[in-house]
Amino acid sequence: MDSTAIRDSYDAVADVYAQGFTADPASKPSDHAMLTVFAEQIPREGLVADVGCGPAQVACFLADLGVPVLGFDVSPGMVEVARARRPGLDARVGSMLDLPPGDGEPAGVVAFYSLVHLQVEERPLAYAEFARVLRPGGLALAAFHAGQDVRQPDSWFDRPVALDFFAPRPEEVAAGLAAAGFAMEATLPRGPYPGEADTERAYLPARKAPGR
């Protein structure tokens with residue numbers, strides 16, 4: 001889908017999204033555990049790129065663990081909300097299909113529910129970007145709704161949007177990351193917590209091959 005439509009849709013809902021839709025990862029045991037283990041594996045002073053950072057709930061969680069974080073989001077509205085949520089946070093406008101960091105800069109990349117709008121043909125481009133920016137041996141962590149459903153709402157938070165929401169199968173994401181040069185470390189599914197959308201989730205930690 002058109003990246004302009006994604007940008008404009010998230011700009012339209014940025015304020016209400018930040019207020020009522022996202023929860024601190026500390027309130028979700030699996031999110032808390034996965035992000036904590038991820039942070040523990042980042043070298044001291046190693047930078048993490050939070051790709052599709054939204055209102056920065058993941059970036060703030062990692063920063064509170066002492067991890068330097070650089071957030072990117074295609075929506076300027078979301079970046080503004082992220083900066084307001086955590087003054088001093090380095091959050092920038094950027095697409096996961098063309099990430100601003102140079103080759104081999106971050107020690108980690110986290111993509112928490114931000115793969116959701118990528119068409120099938122776009123996903124390899126995103127995985128290749130994760131591999132490009134990560135230093136050899138760097139760690140990526142993807143979390144996403146799992147399945148094969150596609151939702152196409154025309155309104156969200158009572159505001160008009162033009163978005164496609166995809167729920168890829170974990171084995172498809174794992175294969176795509178492997179093709180980009182990652183070694184999969186685990187595939188961890190979970191069901192919804194009370195109050196969440198009734199979908200399965202999956203976490204995929206993967207490490208960039210040292211020689212790539």
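## A tyrosine and its ring partner

Tyr17 has a relative accessibility of 13% and therefore counts as buried, a word used here for residues under 20% relative accessible area, with exposed meaning over 50% and partly exposed anything in between (1.4 Å probe, protein chains only). The model described here is a predicted one, in which local features need pLDDT of at least 70 and side-chain atom pairs count only at pLDDT 80 or more, whereas totals for chains, interfaces and linings use all residues. Residues are numbered from 1 along each chain as its sequence is written, and side-chain values use heavy atoms, with hydrogens and water left out.

Rings of Phe, Tyr and Trp (for Trp, its six-membered ring) are taken to pair if their centres lie within 6.5 Å, and a pair is called stacked when the planes are under 30 degrees apart, edge-to-face when they are over 60, and tilted for the rest. This rule gives a count of nine aromatic pairs. In one of them, the ring centres of Tyr17 and Phe157 are 6.3 Å apart and the planes stand at 70°, so the pair is edge-to-face. The two partners come from distant parts of the chain, 140 residues apart, with Tyr17 in helix H1 (residues 3-20) and Phe157 in the loop between strand S7 (155-156) and strand S8 (159-160). Helices (H or I, at least four residues) and strands (E, at least two) are DSSP runs, numbered from the N terminus.

The relative accessibility of Asp158 is 79%, so Asp158 counts as exposed.

## Other rings and charges

Ring pairs join Tyr10, Tyr17, Trp156, Phe157 and Phe165 into a cluster. A further edge-to-face pair is formed by Phe112 and Tyr113, with 5.6 Å from centre to centre and 85° between the planes. Phe112 is buried at a relative accessible area of 10%, while Tyr113, at 23% relative accessibility, counts as partly exposed.

A charge is said to sit over a ring if NZ of Lys or CZ of Arg is within 6 Å of the ring centre and within 35 degrees of the ring normal. Arg151 lies over the face of Phe165, at 4.7 Å from the ring centre, and Arg123 lies over the face of Phe166, at 5.6 Å from the ring centre.

## Nonpolar cores

A nonpolar core is a set of buried Ala, Val, Leu, Ile, Met, Phe, Trp, Tyr and Cys residues joined through side-chain atoms within 4.5 Å. The largest such core has 28 residues, and those with the most contacts inside it are Met96, Phe130, Leu177 and Phe182. Two or more residues are given to this core by each of S1, strand S2 (69-73), S4, helix H5 (123-133), S5, helix H6 (170-179) and S12, with H5 giving the most, namely five residues. A second, separate core of 25 residues includes Phe38, Ile42, Ala59 and Val67.

Contact means heavy atoms within 4.5 Å. When residues up to four places away in sequence are not counted, Met96 touches Val51, Ser114, Leu115, Leu118, Ala126, Glu129 and Phe130.

## Val133 in helix H5

Val133 is found in helix H5, and its relative accessibility of 0% places Val133 among the buried residues. Neighbours within four places in sequence aside, the residues in contact with Val133 are Leu99, Pro101, Gly102, Asp103, Gly104, Glu105, Pro106 and Val109. Val133 and Val109 are 24 residues apart in sequence, and their C-alpha atoms are 8.6 Å apart in space.

## Helix H2

Helix H2 (residues 29-40) has twelve residues and reaches 16 Å from its first C-alpha to its last, close to the 16 Å expected at 1.5 Å a residue; the expected span is 1.5 Å times one less than the number of residues. The buried residues of H2 are Asp31, Met34, Leu35, Thr36, Phe38 and Ala39. These buried residues pack against several elements, including strand S1 (48-51), helix H3 (57-64), strand S4 (108-112) and strand S12 (200-208).

## The chain as a whole

The protein chain contains six helices and twelve strands, and 49% of its 212 residues count as buried. Among contacts with a separation of 6 or more, residues 24 or more positions apart account for 67%.
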